[in-house]
Amino acid sequence: MTEAKGKGNNPPQGGKAKKAPEAEAPQVGEVEIIDNGTDADDTEAVEVEPEERIHALDEEVDDLADQNAVLLDSLKRLKADFDNYRKRMIKEQTRILETAEADLIKKLLPVIDNLERALASADGDEPSSLRDGVAMVLEGMLSVLIKEGLEVVDPEGEPFDPEHHEAMMVVETGECPEDTVVGVVQKGYRFGGVLLRPAMVRVSCPVKG
């Protein structure tokens with residue numbers, strides 16, 4: 001008895017089933033090109049006319065020139081402000097220094113007065129070395145202060161000036177014109193053109209009767 005061999009869909013013995021062909025996938029690095037029927041570069045480049053380009057450059061140059069003029073004007077103003085500030089600071093510093101020096105010299109004036117009184121009151125009984133020493137101290141002090149700008153107001157024989165002199169008494173005399181300083185009680189001093197102390201003086205007046 002023989003077995004019937006199957007027919008139809010049964011694959012032959014010892015063989016492999018064949019698969020349907022598959023669509024190839026795009027490889028890595030490859031670009032799929034889709035043709036839509038149009039050109040990739042169908043836009044014409046717009047060319048700028050030389051005259052328009054020159055006109056644009058001229059406008060740009062004018063704008064830069066205007067900006068430069070504004071910056072230059074600002075720089076000039078800043079420089080002027082700085083110069084004015086520097087001058088004010090120098091003037092203020094000078095004023096402060098002069099004020100400090102004037103205050104110091106003003107405090108030394110009583111010392112000068114005392115040295116002058118000591119010399120004026122010295123008599124023959126005082127040792128000459130003591131008088132000479134006091135005179136040297138007074139002379140040295142005045143020399144230094146005068147070099148620094150001190151001015152002595154000693155107006156004897158000059159017309160009375162109420163801005164620089166202070167009348168302590170009036171003396172009747174016919175030997176000089178009226179309102180003449182005939183004696184100095186205490187010297188005055190100026191420093192840098194500023195009066196530190198007026199001179200205390202005796203002033204003449206006509207003889208009555």
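Mentor: A residue counts as buried when its relative accessible area is under 20%, as exposed when over 50%, and as partly exposed in between. Keep in mind that this is a predicted model.

Trainee: Is Arg197 buried or exposed?
Mentor: Look at its relative accessibility, which is 14%. The cut-off for burial is under 20%. Arg197 therefore counts as buried.

Trainee: In what order do the elements of the chain run from the N terminus on?
Mentor: Start with the count: the chain has two helices and six strands. From the N terminus on, the order is α-α-β-β-β-β-β-β.

Trainee: What share of the residues in the chain is buried?
Mentor: The chain has 209 residues. Apply the cut-off of under 20% relative accessible area. Buried residues then make up 14%.

Trainee: How many salt bridges does the structure hold?
Mentor: One of them joins Asp113 and Arg197. Another joins Arg190 and Glu151. The total for the structure is six.

Trainee: How far apart in sequence are the parts tied together by Asp113 and Arg197?
Mentor: The two residues form a salt bridge, with the closest N and O atoms 2.7 Å apart. Asp113 lies in helix α1, while Arg197 lies in strand β5, residues 194-197. The pair therefore ties together parts separated in sequence by 84 residues.

Trainee: Which residue's side chain is joined to that of Gln186 by a polar contact of 3.4 Å?
Mentor: Gln186 sits in strand β3, residues 181-186. At 15% relative accessibility, Gln186 counts as buried. Its side-chain partner in the 3.4 Å polar contact is Asp113.

Trainee: How many residues apart are Arg190 and Glu151?
Mentor: Their side chains meet in a salt bridge, at 3.4 Å from N to O. Arg190 belongs to strand β4 (residues 188-191) and Glu151 to strand β1 (residues 150-153). This pair links distant parts of the chain, and its separation is 39 residues.

Trainee: By about how much of the helix are Glu92 and Arg95 separated?
Mentor: They form a salt bridge, the closest N and O atoms being 2.7 Å apart. Glu92 is partly exposed at 33%, and Arg95 is partly exposed at 44%. The two are three residues apart in helix α1, so the separation is about one helical turn.

Trainee: What kind of charge do Asp58, Glu59, Glu60, Asp62, Asp63 and Asp66 gather on the surface?
Mentor: Take Asp62 as one member; it lies in helix α1, residues 50-121. Asp62 is partly exposed, at 46% relative accessible area. Asp and Glu count as negative. Together these residues form a surface patch whose charge is negative.

Trainee: How much accessible area do Leu72, Leu75 and Leu78 have together?
Mentor: Leu78 is found in helix α1. Leu78 is exposed, with a relative accessible area of 57%. The three leucines form a nonpolar patch on the surface, and together their accessible area is about 310 Å².

Trainee: Near what value is phi of Asp179?
Mentor: Asp179 lies in the loop between β2 (165-172) and β3. Asp179 is partly exposed, at 42% relative accessible area. Most residues other than glycine have a negative phi. Asp179 has a positive phi, near 60°.

Trainee: How far apart in space are Gly157 and Val203, C-alpha to C-alpha?
Mentor: Gly157 lies in the loop between β1 and β2. Gly157 is exposed, with 54% relative accessible area. Gly157 and Val203 are 46 residues apart in sequence. In space, C-alpha to C-alpha, the distance is 9.6 Å.

Note on methods. Residues are numbered from 1 along each chain as its sequence is written. This is a predicted model: local features need pLDDT of at least 70, side-chain atom pairs count only at pLDDT 80 or more; totals for chains, interfaces and linings use all residues. Side-chain values use heavy atoms; hydrogens and water are left out. Patches are made of residues with over 30% relative accessible area and no salt bridge: like charges are joined within 9 Å, nonpolar side chains (Val, Leu, Ile, Met, Phe, Trp, Tyr) within 5 Å. Accessible areas come from the Shrake-Rupley method with a 1.4 Å probe; for residues, only the protein chains shown count as cover. A salt bridge is a side-chain nitrogen of Lys or Arg within 4 Å of a carboxyl oxygen of Asp or Glu. The place of a charge is taken as NZ of Lys, CZ of Arg, CG of Asp or CD of Glu. Helices (H or I, at least four residues) and strands (E, at least two) are DSSP runs, numbered from the N terminus. Buried means under 20% relative accessible area, exposed over 50%, partly exposed in between (1.4 Å probe, protein chains only). A polar contact is a pair of N or O atoms within 3.5 Å; within protein, one must be able to donate a hydrogen and the other to accept it, and residues adjacent in sequence count only if both atoms are side-chain atoms.
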